[in-house]
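Visitor: I'm new here and would like to learn how to read a model like this one. Could we look at it together?

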Amino acid sequence: MREGLEKLLAKGQDSAVLRFGLGQACLKDEDYAAAALHLAQAVAQNPQYSAAWKLLGKAQLESGAADARAQAQASWQQGLQVAEQQGDTQTAKELTVFLKRLQKLGASPA
């Protein structure tokens, strides 16, 4: 799946949906840095893409970067705001749970 999506991207068929799919595929492959890159591009192209914000936070948290928790927290907070604005209650609930878990891990509030 990932290879096919990368071919589409190479052909210039870039879109938020394509980047989201690539991000999902990279997460599945445990390539967290690549996942974060594609998902960041997805939300840059469509800042209202709440599901992409959710996965971006996951990729950032799993990346192992020094500021991974802060990155994930910022993405999930942005995603929560977007989800609430759009009435995406399921994503909003999930992001609320993720943020609470992150706080229990010792992440400092933004």
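**Reading the features**

Guide: Let's start with Phe-98, which is partly exposed, at 24% relative accessible area. In these terms, buried means under 20% relative accessible area, exposed means over 50%, and partly exposed is in between (1.4 Å probe, protein chains only). Keep in mind that this is a predicted model: local features need pLDDT of at least 70 and side-chain atom pairs count only at pLDDT 80 or more, while totals for chains, interfaces and linings use all residues. Residues are numbered from 1 along each chain as its sequence is written, and side-chain values use heavy atoms, with hydrogens and water left out.

Visitor: How many aromatic pairs does the structure hold?

Guide: Rings of Phe, Tyr and Trp (its six-membered ring) pair if their centres lie within 6.5 Å; planes under 30 degrees apart are stacked, over 60 edge-to-face, and the rest tilted. Here there are two aromatic pairs. Take Phe-20 and Tyr-49: their ring centres are 5.0 Å apart and their planes sit at 25 degrees, so this pair is stacked. Phe-20 belongs to helix H2 and Tyr-49 to the loop between H3 and H4, so the pair ties together parts that are 29 residues apart in sequence. By the way, helices (H or I, at least four residues) and strands (E, at least two) are DSSP runs, numbered from the N terminus.

Visitor: Is Tyr-49 buried or exposed?

Guide: Tyr-49 counts as buried, because its relative accessibility is 18%. Phe-20 is buried too, with a relative accessible area of 13%.

Visitor: And which kind of pair do Trp-76 and Phe-98 make?

Guide: Their ring centres are 5.1 Å apart with the planes at 45 degrees, so that pair is tilted. It links distant parts of the chain, since Trp-76 is in helix H5 (residues 68–86) and Phe-98 in helix H6 (residues 89–104), 22 residues apart. Trp-76 is buried, at 4% relative accessible area.

Visitor: How do I describe two helices that pack?

Guide: Two packed helices are described by the angle between their axes and the distance between the axes. The axes are lines fitted to C-alpha atoms, for helices over the stretch in contact, and the angles run from 0 to 180 degrees between N-to-C directions. H1 (residues 2–10) and H2 (residues 16–28) pack at about 145 degrees, with axes 9 Å apart.

Visitor: Which residues of H1 and H2 make the contact?

Guide: Contact means heavy atoms within 4.5 Å. H1 brings Arg-2, Leu-5, Glu-6, Leu-8 and Leu-9, while H2 brings Leu-18, Arg-19, Gly-21, Leu-22, Ala-25 and Cys-26.

Visitor: How many residues of H2 are buried?

Guide: H2 is mostly covered, with 10 of its 13 residues buried. Among them are Ala-16, Phe-20, Gly-23 and Leu-27. The cover includes H1, H3 and helix H4 (50–62).

Visitor: What comes just after H2?

Guide: Glu-30 does, with a positive phi of about 60 degrees. Glu-30 is in the loop between H2 and helix H3 (32–45), and is exposed, at 57% relative accessible area.
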